[in-house]
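Reader: Please take a close look at the aromatic rings and the charges placed over them, and then at the sheet.

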Amino acid sequence: QVQLAESGGGLVQPGGSLRLSCAASGTINSIRTMGWHRQPPGKQREFVAHILRGGDTNYADSVKGRFTIARDNGKNTVYLQMNNLKPEDTAVYYCYILYDKTYWGQGTEVTVSS
């Protein structure tokens, strides 16, 4: 059974930073892709960023230059460093991994407000 545990969400002022973490546990050998989606209030879930095992990354246009995704393969953990946060970044952030299938975390809330 694979489980994902997220942490790092919270309330931050515009222009501030947060770092999200997501650790995968269970019987895991090699995770191909790790990433993040988010769901703003009243909107559909959307892609944020992903990172392949070899380190290649991809970002949504709305977060390029502000967010950085990284992973620690030894710890089966993915991180999302979010800088220069904007009110429109307010959302529930979900991590996911592509292993034998797609697994999702429970979500962590990020609120950007003054």
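Author: Arg45 lies over the face of Trp104, 4.8 Å from the ring centre; a charge counts as over a ring if NZ of Lys or CZ of Arg is within 6 Å of the ring centre and within 35 degrees of the ring normal. The model is predicted: local features need pLDDT of at least 70 and side-chain atom pairs pLDDT 80 or more, while totals for chains, interfaces and linings use all residues. Residues are numbered from 1 along each chain as its sequence is written, and side-chain values use heavy atoms, leaving out hydrogens and water.

Trp104 is partly exposed, at 38% relative accessible area (buried is under 20%, exposed over 50%, partly exposed in between, with a 1.4 Å probe and protein chains only). A search of the whole structure finds one aromatic pair. Its rings, those of Tyr96 and Trp104, have centres 5.1 Å apart and planes at 40 degrees, so the pair is tilted; rings of Phe, Tyr and Trp (its six-membered ring) pair with centres within 6.5 Å, and planes under 30 degrees apart are stacked, over 60 edge-to-face and the rest tilted. Tyr96 is buried, with 6% relative accessibility.

Another arginine, Arg19, lies over the face of Tyr79, at 4.2 Å from the ring centre.

As for the sheet, four strands form an open one in the order β1-β3-β8-β7, with antiparallel pairing. Strands are DSSP runs of E of at least two residues, numbered from the N terminus, and two of them pair if DSSP finds at least two bridges between them. The edge strands, β1 (3-7) and β7 (67-72), each pair on one side only. Between β1 and β3 (residues 18-25) there are five bridges in the antiparallel sense, and Ala5 stands opposite Ala23 in β3.
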